[in-house]
Amino acid sequence: MRYKVTFMLGLAVGYVAGARAGRERYEQMKKSARDLAQNPAVRNAAETAGQTGRVYAGKAFAAVGDKVGDVVPPSLVGRVRGLRDRVRGGGAGAEDEWGTSNT
């Protein structure tokens, strides 16, 4: 019984001490993350990665569209070809059959 009370007391003291220090550490990590997210180099890298991902996704979509064009219903084939043409030569801001722009 004595060990249970000692353990519970230690648990309570540890919780209170950890909660105070934990909140301070949480606020410190939150501030560091905010500062990192607002760093221009990090923002540029994230934007570049996003654009690169969109380019590769478009190329993959066009490649899959070429391969499965005969299996896909005709109503969808035109849309896939439209997206493929947009990826290959459409300029920024060009609209496709889905009503979305290439931005």
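Which residue forms a salt bridge with aspartate 35, and how far apart are the closest N and O atoms? Here are my notes, with that one picked up in point 3.

1. What you're looking at. This is a predicted model, where local features need pLDDT of at least 70, side-chain atom pairs count only at pLDDT 80 or more, and totals for chains, interfaces and linings use all residues. Residues are numbered from 1 along each chain as its sequence is written, and side-chain values use heavy atoms, with hydrogens and water left out.

2. The overall picture. The protein has 3 helices and 0 strands, and reads α-α-α along the sequence. Helices (H or I, at least four residues) and strands (E, at least two) are DSSP runs, numbered from the N terminus. Of the 103 residues, 12% are buried; that word means under 20% relative accessible area, while exposed means over 50% and partly exposed is in between (1.4 Å probe, protein chains only). Take the contacts with a separation of 6 or more: residues 24 or more positions apart account for 6% of them. Contact here means heavy atoms within 4.5 Å.

3. The salt bridge. Back to the opening question: the partner of aspartate 35 is lysine 31, with the closest N and O atoms 3.1 Å apart. The structure holds 1 salt bridge, defined as a side-chain nitrogen of Lys or Arg within 4 Å of a carboxyl oxygen of Asp or Glu. Why does the pairing fit the helix? Aspartate 35 and lysine 31 sit 4 residues apart in helix H1, so about one helical turn separates them. An α-helix has 3.6 residues a turn, so residues three or four places apart point the same way. Aspartate 35 is partly exposed at 44% relative accessibility, and lysine 31 is partly exposed too, at 47%.

4. Phe7, Met8 and Leu11 make a nonpolar surface patch, with about 340 Å² of accessible area together. Patches take residues with over 30% relative accessible area and no salt bridge, joining like charges within 9 Å and nonpolar side chains (Val, Leu, Ile, Met, Phe, Trp, Tyr) within 5 Å. Leucine 11 belongs to helix H1 (residues 2–37) and is partly exposed, with a relative accessible area of 48%.

5. Where H2 starts. Asparagine 39 sits in the loop between H1 and H2 and is partly exposed at 32% relative accessibility. Asparagine 39 caps the N-terminal end of H2, with a side-chain oxygen 3.0 Å from the backbone nitrogen of alanine 41.

6. Along H2. Helix H2 (residues 40–68) has 29 residues and should span 42 Å at 1.5 Å a residue; its end C-alpha atoms are 42 Å apart, which agrees. The expected span is 1.5 Å times one less than the number of residues. Gly58, Ala62 and Gly65 are buried in H2, with glycine 65 at 12% relative accessibility. Glycine 65 and leucine 76 are 11 residues apart in sequence, and their C-alpha atoms are 9.8 Å apart in space.

Methods
Areas by Shrake-Rupley, 256 points an atom, 1.4 Å probe, with all protein chains shown as cover. Polar contact = N/O pair within 3.5 Å; in protein donor to acceptor, adjacent residues only side chain to side chain.
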